[in-house]
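Here is a friendly walk through one protein model, meant to be read with the structure open beside you.

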Amino acid sequence: MKASRFIKPGEVRIETVPKPTLEKDTDAVLKIVRASVCGSDLWWYRGISQRPSNSPTGHEAIGIVEQVGKKVTNVQPGDFVIIPFTHGCGHCAACKAGFDGSCPNRDRSKPAAYQAEYLRYENANWGLVKLPGQPDDYSDEMLNSFVTLADVMATGFHAAKSAEVKPQDTVVVIGDGAVGLSGIISAKLLGATRIIAMSRHADRQTLAKEFGASEIIEDRGSAAVAKIMELTNDAGADAILECVGSNESVDTAIAAARPGAVIGRVGIPQRKDLDTSQLFHNNIGLRGGTASVTTYDRELLVQAVLDHKINPGKVFTKSFTLNEIQAAYQAMDQRKAIKSLLIVNH
């Protein structure tokens, strides 16, 4: 089969590799229909974080179940499914509490390999999210939204849930990538009446406003904090969605939060230490982490897409075939695409 491999910073390519097989009774083998490139992939694509050469890539997709292990009963061959990156088992303490993103029952020693024609999925019995019907039953727009439910939309929603966004809140969203834009959708879905988005890029600003942002701030650092304070009459925001992970974005989130606010942090951390004194003195909460994808999809997000309440698939502004994987990464790296869609199988 064809599958993407990371070669070195700035280079990914398609290679022919063996098709995956069932290794455990809890596995499933899936035929990938659509996949995507995630903003977090750019960390190692740009050489900012380390990744072994010739390792597989990708962690967001939808597909068709082809084979299942003996212990898999919730899905069967032929089912159309969202393929969460989290692989939650459903029976550990973390999954039972709704935090499948922190499930310990997954082999994390192997890199994800979703940018491929087929995928072996662990903990398939609980982790996979079954969709009604088949891909041909849906529009391209709907299929694209389903792809976001494998990670990016659920991650944006995790930021909003972690920040305890509630009706009438003023929310600041830091980050204008697909996760930040999904965070805007999520804040709106949870009832926020004022959403301040931080963005310097016209295409992302347009989509942010379409998704529900009321104001846009182009500044960064202390200038951004000053603007947020000006917009909130020096009170600060009720909730902050931190969707970047950089030192500056975390510092901005803390400085822009009103006393008693909560920061929902989903940007992959790029700092090893954090001074928590300001959090303490202002009673600011800091929550978040790896998204609870299966949990959120089943509780709310799948139905919200099916009911046309949300359309997160609009974050895909360019599409590519699997053979065009290098161009898909380049488009995101060069900000020519907000998020790159991969059409794998029709």
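This is a predicted model: local features need pLDDT of at least 70, side-chain atom pairs count only at pLDDT 80 or more; totals for chains, interfaces and linings use all residues.

## Charges over rings

Over the ring of which residue does the charged end of Lys19 sit? The ring belongs to Tyr118, and the charged end of Lys19 is 4.2 Å from its centre. A charge counts as sitting over a ring if NZ of Lys or CZ of Arg is within 6 Å of the ring centre and within 35 degrees of the ring normal.

Residues are numbered from 1 along each chain as its sequence is written, and side-chain values use heavy atoms, with hydrogens and water left out.

## Aromatic pairs

A search of the whole structure turns up seven aromatic pairs. Rings of Phe, Tyr and Trp (its six-membered ring) pair if their centres lie within 6.5 Å; planes under 30 degrees apart count as stacked, over 60 as edge-to-face and the rest as tilted. Trp44 and Tyr329 form a tilted pair, 5.7 Å centre to centre with 50° between the planes. This pair links distant parts of the chain, 285 residues apart: Trp44 is in helix α1 (residues 41-45) and Tyr329 in helix α12 (residues 325-333). Helices (H or I, at least four residues) and strands (E, at least two) are DSSP runs, numbered from the N terminus. Trp44 is buried, with a relative accessible area of 6%, and Tyr329 is buried at 0%. Buried means under 20% relative accessible area, exposed over 50%, and partly exposed in between (1.4 Å probe, protein chains only).

Phe80 and Phe146 have ring centres 6.2 Å apart and planes at 80°, so this pair is edge-to-face. Phe80 in strand β6 (residues 80-83) and Phe146 in helix α4 (residues 140-148) are 66 residues apart, and their pair links distant parts of the chain. Phe80 is buried, with a relative accessible area of 0%; for Phe146, also buried, the value is 0%. Ring pairs also link Phe6, Trp44, Tyr45 and Tyr329 into a cluster.

## The second largest pocket

The second largest pocket holds about 430 Å³ of space. On a 1 Å grid over the protein atoms alone, a pocket is an open set of points where a 1.4 Å probe fits, with protein on both sides within 12 Å along at least five of seven lines; lining residues have an atom within 4 Å of a point. Grid points are joined across faces, edges and corners, and the volume is the space filled by probe spheres set on the points.

Its lining has 22 residues, and Pro20, Lys110, Pro111, Ala113 and Arg120 lie nearest the centre. Strand β7 gives the largest share of the lining, three residues.

## A three-stranded sheet

Three strands form an open antiparallel sheet in the order β2-β1-β4. The edge strands, β2 (11-16) and β4 (55-56), each pair on one side only. Strands pair if DSSP finds at least two bridges between them; six bridges join β1 to β2. Ser4 stands opposite Ile14 in β2.

## Glu210

Glu210 lies in helix α7 (residues 202-211) and is partly exposed, with a relative accessible area of 45%. Glu210 and Ile184 are 26 residues apart in sequence and 9.6 Å apart in space, C-alpha to C-alpha.
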